[in-house]
Amino acid sequence: MKVNQLKAGAALSYISMGLGYLVSIVYTPVMLRLLGQSEYGLYNLVSSVVAYLGVLNFGFGSAYMRYYSRYKVQEEKEKIATLNGMFLTIFSVIGLIAVIAGTILAFNTEIIFGSKLTGVELSKAKILMMILVVNLAISFPNIVFTSHITANERFVFQKLTHMIKTVANPFVVLPLLLMGYGSVGMVFATTIVNITFEVINAVYCVKKLNMRFSFRKFDSALMKEMTIFSSYIFINLVVDQINWNLDKFILGRFHGTVSVAVYGLAAQLNSYYISIASAVSNVFIPRVHRLVASTNNNNALTKLFTKIGRIQFIILSLIFTGLLFFGRPFINLWAGEDYNGSYPIALLLIIPVTIPLIQNIGIEIQRAKNMHQFRSWVYLFIALGNLALSIPLAKLYGGIGAALGTAIALLIGNGFIMNWYNQARVGLDIIGFWKQILSFTPALLPPVLAGLLFNRFINLYKPVNFLIFGAIYVLIFLLSMWFFGMNQNEKEIFEKPFKRLTSKFAK
């Protein structure tokens, strides 16, 4: 049953991700037009501020997984119940702190958002912030239940509920948008959906998984140990918030909600890009830990690191070059002319993040070797550098300036420092890795030439032309990669799903 859960969970994870993209492609343009650019920007701005309260979880969700697994192996049922009680108490207190902090923020929106927002926008910002804070506060205790479901490897239930939630959310939100309730109606509906599924998770844990809680003993020694373990994860949480939410806040203060809306759409495209790369590497995480635990052979790790990086590069280079040549007309057709400015911002965000994405299995290698502390500190300084660069650049150049500041900081940290560390300290052959990546250059030339010709001679702003020549571009890219880029192992990886499908149809 365990193997079935893993396989089915992995399959459902990809289906859920694909379904999420499909729903977003259909739902986002409708939502953008119903909200309007200014209100969408206001929603993004308030969300970015509330998101900072998310760091209050201190990375304890990862700690739960570690200590639950330890007690599960030892069959310490009482300790598991104590652990559950401790975490529910901790996250409930954190939720209460979030409400208090959020309420203080809500009543000081004029100070937080500055003078670029109108009186109506500031009033609406208060309401949005309170609803979003309640949503966040309730989500904290739910971390215990979602972590418990993951620890018990109930992936089928977890992924199915996530899929249902993904599909249900637009159907609940759209009626309120159509009735004119705007961003307030949207976040209210989203909060109701989230609470519903959080209750479902809790009931499933208690009824189906027999999750028990003990509040009689608070293990202070365990709490200290968990805090130390979670501290570096907490640094990563802070870094992520600075890198991916700070720009919106800066733009809101200096340029207003419209600038935030344009940047927010570009950030959304960047988040899709990141999630696709992560889905590929996550499959290999157990293999990394097994390799380190069994042999800790740097040659074997480099081979795996390079193998995964090449596959990720093939996928991401298709998306990136596709965005480069078709991104502007896509945004124009999908979101509207008001969001044309999102195109250069998306490119500035995606270019630097491509380097860590094709190397993100290296993060797991560092963790497996217990060498991830350096990365946490480097990323903290990257975030501070991002802050120092983005504020003056955003003042001068708006969204493009903010994205440029982020791009420079990420390129320095991920492109140079982390590559040096992986080569000099972790023991990976980074020079050999980049030689392998550069070997794809001949395979990229035909699609790049085709993209340039399409942009020069074809009106891609016509939907029919966009679809036809977009499909032709994908075909040219795949054929070029097949004949000039992929090695035999990569061809077999991409052939397997088609062979399985054809054999099933043949039967």
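This is a predicted model: local features need pLDDT of at least 70, side-chain atom pairs count only at pLDDT 80 or more; totals for chains, interfaces and linings use all residues.
## Helices H17 and H18

Let's start with a pair of helices. H17 covers residues 441–457 and H18 covers residues 463–484; their axes come within 7 Å and cross at roughly 165°. Angles over 145 degrees count as roughly antiparallel, so that is the label for H17 against H18. The crossing of H17 past H18 is right-handed.

Who touches whom? On the H17 side you'll find Pro 442, Ala 443, Leu 444, Pro 446, Pro 447, Ala 450, Gly 451 and Phe 454. They meet Phe 469, Ile 472, Tyr 473, Ile 476, Phe 477, Ser 480, Met 481 and Phe 484 of H18. Sorted by class, this contact between H17 and H18 has 14 nonpolar residues and two polar ones, with no charged residues.

## Leu 445, a residue of H17

Leu 445 also sits in helix H17. Is it buried or exposed? With a relative accessible area of 54%, Leu 445 is exposed, because the cut-off for that label is over 50%.

Ser 480 is one of the H18 residues in the contact with H17.

## Helices H6 and H7

Here's another pair to look at. The axes of H6 (residues 119–151) and H7 (residues 155–178) come within 8 Å, crossing at roughly 135°. That makes H6 and H7 oblique to each other.

Thr 146, Ile 149 and Thr 150 are the H6 residues in this contact, and Phe 155, Phe 157 and Gln 158 are the ones from H7. The H6 and H7 contact residues split into three nonpolar and three polar, with no charged ones.

## Helix H2

Now for a helix on its own. H2 runs over residues 37–51, and at 1.5 Å a residue its 15 residues should span 21 Å.

How many of the residues of H2 are buried? The count is 11 of the 15, so H2 is largely enclosed by the rest of the structure. Among the buried residues are Gln 37, Glu 39, Tyr 40 and Asn 44, along with Leu 42, Leu 45 and Val 46.

## Asn 210, in a loop

Finally, take a look at the loop between helix H8 (182–208) and helix H9 (220–255), where Asn 210 has its place. Phi of Asn 210 is near 55°, a positive value in a residue other than glycine. Asn 210 counts as partly exposed, at 48% relative accessibility.

Conventions. Residues are numbered from 1 along each chain as its sequence is written. Side-chain values use heavy atoms; hydrogens and water are left out. Axes are lines fitted to C-alpha atoms, for helices over the stretch in contact, and angles run from 0 to 180 degrees between N-to-C directions. Helices (H or I, at least four residues) and strands (E, at least two) are DSSP runs, numbered from the N terminus. Angles under 35 degrees count as roughly parallel, over 145 as roughly antiparallel, 65 to 115 as roughly perpendicular and the rest as oblique. A crossing is left-handed if the near helix is turned anticlockwise from the far one by less than a right angle, and right-handed if clockwise. Contact means heavy atoms within 4.5 Å. Ala, Val, Leu, Ile, Met, Phe, Trp, Tyr, Cys and Pro count as nonpolar, Asp, Glu, Lys and Arg as charged, and the others, Gly among them, as polar. The expected span of a helix is 1.5 Å times one less than its number of residues. Buried means under 20% relative accessible area, exposed over 50%, partly exposed in between (1.4 Å probe, protein chains only).
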